[in-house]
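Here is a short report on one protein model. Look at the sequence and the structure first, then read on.

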Amino acid sequence: MSSSWGLATVTKVEELKTETVSGLLVYHRYEDVGYSTQAVFLDDGTILDSRFDERRSRSGMPLEYVYCTGKSIDWSKYDSENIIPQKNIVNAFVVNFEMFQREGRGLYFYSDTKGSGKTMIACAVANEVLKTHDISVKFISVADYIELVKARDDTSREIIQAILEAGLLILDDIGTQVENKEWITTALFRLIDRRYTNHYPTIFTSNVWIEDLKTDSRIADRIYAVSVPVIMPEINVRRQLADKHTKEFIRTIMQE
């Protein structure tokens with residue numbers, strides 16, 4: 001195979017795939033000087049399993065959700081509700097993630113009911129994005145973020161910096177902080193404002209609607225400005241799953 005490439009002619013192209021790289025080796029020859037160069041490696045943009053697993057393992061997602069993907073979301077659990085709008089928004093976020101990146105927009109999963117699947121779906125969405133985008137994803141609850149800020153040690157500062165600059169952040173349970181101290185408000189504002197200013201998408205989960213967040217109005221306004229709401233049905237799917245597993249366990253032990 002050969003074709004014109006600037007002042008050189010491509011003489012051969014080889015596919016190269018290993019556990020750590022995926023792309024093409026391109027050999028070319030400079031006709032005017034009469035010699036061939038070493039092969040040039042061109043990354044084809046493939047997100048390798050090893051890279052995907054590394055990003056996922058370093059995300060901080062809860063162990064029960066770290067391996068969740070789109071296939072893990074059982075929308076049939078909400079069969080008593082019209083869940084199509086929520087499905088469409090979730091799918092659009094994964095498929096059109098570049099557009100969300102350009103706008104700095106994320107999602108705001110909300111339901112008053114705890115255990116409605118908000119956190120699991122948020123993690124599944126993030127993992128789907130990781131399959132096709134080589135970005136850093138971080139997960140942290142608001143309560144844990146406040147503890148990091150309070151710690152003030154070097155390790156905590158490094159983690160905070162990674163959260164501030166993450167390509168996609170899941171901020172879990174926004175609005176649950178009990179204390180409304182000035183230093184907490186300041187810490188949360190710096191986080192939200194940094195991501196708002198730099199167009200870093202954030203996925204929020206909450207039992208509190210955006211307009212009812214008991215926090216600085218500047219924080220709520222920024223969250224409102226960049227979040228697409230995903231209002232989840234008031235169904236406790238966690239309890240449904242627990243009931244199912246309990247029944248299966250009882251059935252198993254009764255057969256022993």
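## Terms and model

Ala, Val, Leu, Ile, Met, Phe, Trp, Tyr, Cys and Pro count as nonpolar; Asp, Glu, Lys and Arg count as charged; the others, Gly among them, count as polar. The model is predicted.

## The largest cavity

Rolling a probe the size of a water molecule over the atoms shows where empty space is left. Here the count comes to 2 cavities of 30 Å³ or more. The largest cavity has a volume of about 70 Å³.

Which residues line the largest cavity? They are Gly104, Ile192, Arg195, Tyr196, Tyr200, Pro201, Thr202, Phe204, Arg222, Ile223 and Val226. By type, the lining of the largest cavity divides into 7 nonpolar, 2 polar and 2 charged residues.

## Glu182 in α7

Helix α7 also holds Glu182. Is Glu182 buried or exposed? Exposed means over 50% relative accessible area. Glu182 has 68%, so Glu182 is exposed.

Glu182 can also be placed relative to Asp216. The two are 34 residues apart in sequence. In space, their C-alpha atoms are 9.6 Å apart.

## Helix α4

Helix α4 covers residues 118–132, 15 residues in total. From its first C-alpha to its last, α4 reaches 22 Å. That is close to the 21 Å expected at 1.5 Å a residue.

How many residues of α4 are buried? The number is 13 of 15, and α4 is mostly covered.

Methods. Residues are numbered from 1 along each chain as its sequence is written. This is a predicted model: local features need pLDDT of at least 70, side-chain atom pairs count only at pLDDT 80 or more; totals for chains, interfaces and linings use all residues. Side-chain values use heavy atoms; hydrogens and water are left out. Helices (H or I, at least four residues) and strands (E, at least two) are DSSP runs, numbered from the N terminus. The expected span of a helix is 1.5 Å times one less than its number of residues. Buried means under 20% relative accessible area, exposed over 50%, partly exposed in between (1.4 Å probe, protein chains only). On a 1 Å grid over the protein atoms alone, a cavity is a set of points where a 1.4 Å probe fits but cannot get out, and a pocket is an open set with protein on both sides within 12 Å along at least five of seven lines; lining residues have an atom within 4 Å of a point. Grid points are joined across faces, edges and corners, and a volume is the space filled by probe spheres set on the points.
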